[in-house]
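Hi,

Here is the structure I promised to pass on. Please have a look, then read my notes below.

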Number of protein chains: 2
Amino acid sequence: MDEFELYLRAHTHLDNGDMDQIRSLAIPKTLRRNEFLLHEGEICRYKIFISKGLLRTFGTAADGSEHILQFAPEHSWTLDVESYDRQQPARYNIAAIENSEVLLWPKADFDKLLATIPSLQSFAQQLISRNIYNSGRRILTALSATPEEKYQEFIHSSPDLLARLPLHMIAAYLGISIKTLTRIRQAQLRR
Amino acid sequence: MDEFELYLRAHTHLDNGDMDQIRSLAIPKTLRRNEFLLHEGEICRYKIFISKGLLRTFGTAADGSEHILQFAPEHSWTLDVESYDRQQPARYNIAAIENSEVLLWPKADFDKLLATIPSLQSFAQQLISRNIYNSGRRILTALSATPEEKYQEFIHSSPDLLARLPLHMIAAYLGISIKTLTRIRQAQLRR
DNA sequence: CGGTCTCTTGACGGAGTTCAAAGCTAGTGG
DNA sequence: CCACTAGCTTTGAACTCCGTCAAGAGACCG
């Protein structure tokens with residue numbers, strides 16, 4: 001039983017036939033640390049499930065600086081939604097932070113699965129909903145929180161990721177400089 | 001023919017029967033400037049369509065400051081998604097910026113409509129998708145853009161709103177102080 | 001016409017950024 | 001298994017820009 005099957009059993013009520021059908025259309029892929037799965041400008045052709053490892057989705061600003069939109073650890077999904085939905089050039093990059101194993105579904109295949117398996121459809125809905133909640137919160141903290149508050153919220157909401165990420169990526173995720181981040185962490189230690 | 005019908009005709013291919021059915025379950029409501037449609041802590045019971053006017057969705061920070069998540073002008077929808085989906089206390093407030101007219105659908109009714117009218121369902125999906133794209137962009141600019149860039153992007157993406165909003169609300173939307181906003185605007189004039 | 005709401009402006013202080021350099025760590029190859 | 005290197009993290013100094021406070025001028029509404 002692979003990671004994906006474990007995931008489905010834990011989060012859905014799909015029967016074995018459906019699971020097999022879903023699994024049979026997936027393309028497995030191994031990624032090395034720092035390898036790209038999607039470059040901005042390319043078209044995001046696949047829905048991506050992370051079986052093992054850790055990916056990041058990030059955009060590049062005019063000055064070359066990178067800002068991270070999302071971390072995707074094992075047992076999560078990722079893609080450039082806009083590019084995937086409309087099959088148009090992507091705004092964002094997706095790359096592996098750790099050596100990773102992923103499953104890929106070409107959009108046409110996944111659309112077929114959604115159309116034929118109602119409970120997969122409703123599960124996908126839930127994931128989308130959660131995505132929207134999280135985006136709302138993220139926007140609000142990005143607007144209103146101080147760097148220290150942002151960091152607190154991050155370690156509170158993703159303590160597991162904290163240990164696996166280089167600090168400069170956390171900074172790129174929170175929208176603060178790495179300098180500020182180390183300052184905050186020093187202040188924490190002194191308490 | 002009311003505003004809502006105009007909207008549906010422009011953006012969907014629903015037939016007259018479906019439109020009537022949808023319309024018949026809507027509760028019309030008039031809002032005065034500054035009137036609240038939802039207070040944080042309450043449950044968001046309705047899906048909201050704005051026929052006329054302008055609403056805002058905002059959160060309140062610990063220090064009492066307000067930050068705006070979304071502006072909803074005529075011919076758009078709004079709600080606290082998380083509260084609506086799960087019928088749990090809302091994180092955000094929704095209030096009228098201008099005197100407004102809205103249509104409300106109780107969740108149970110709207111769910112029924114979605115279940116029985118497939119093309120409404122798919123239209124709703126599109127709206128959700130667009131919402132997600134926009135959130136992604138908003139997060140990225142919140143993280144990476146300078147106040148001036150944020151303002152530029154705003155007047156570029158919502159020139160129509162610019163004239164209708166008090167500056168302090170634009171500031172609350174961009175996550176900058178009103179002082180900085182006026183400073184930027186002065187600089188613009190001098191060019 | 002009075003009052004409230006909104007916008008502008010000045011002075012000041014401070015938090016965060018940039019730049020640069022140095023220490024540390026972990027991974028790699030010999 | 002060790003040495004080396006590249007990447008990561010910390011730190012210092014200087015500066016810039018944004019926020020807070022406070023006051024005053026308009027504009028709009030009742």
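**DNA strand D and the chain pair**

α9(A) gives the most to the surface near DNA strand D: five residues. Keep in mind that this is a predicted model.

Two other helices each supply at least two residues to that surface: α8 (167–174) of chain A and α9 (178–189) of chain B. There are 14 residues around DNA strand D. Leu167(A) and Thr182(A) are among those that come nearest. From chain B, Ser177(B), Lys179(B) and Thr180(B) belong to that nearest group too. By class, the residues near DNA strand D split into six polar, five nonpolar and three charged.

Now the two protein chains. Chain B superposes on chain A by a rotation of 180 degrees, with 0.0 Å of shift along the axis and an RMSD of 0.0 Å. That is the relation of a two-fold axis. Ile139(B) is the residue of chain B that comes closest to the rotation axis, with its C-alpha at 2.8 Å. Both copies use the same surface: 100% of the contact residues of chain B recur in chain A.

The contact itself pairs 22 residues of chain B with 22 residues of chain A. On the chain B side, β5 (66–73), α3 (81–86) and α5 (118–144) each supply at least two residues. α5(B) has the largest share, with 13 residues. The side of chain B that touches chain A holds ten nonpolar, nine polar and three charged residues.

Best wishes

Methods: Residues numbered from 1 in each chain as written. Chains lettered and ligands numbered in written order. Predicted model: local features only at pLDDT ≥ 70, side-chain atom pairs only at ≥ 80, totals over all residues. Near = placed C-beta within 6 Å. Helix = DSSP H or I, 4+ residues; strand = E, 2+ residues; numbered from the N terminus. Nonpolar A, V, L, I, M, F, W, Y, C, P; charged D, E, K, R; others polar. Least-squares fit on C-alpha atoms with pLDDT ≥ 70 in both. Contact = placed C-beta atoms within 7 Å.
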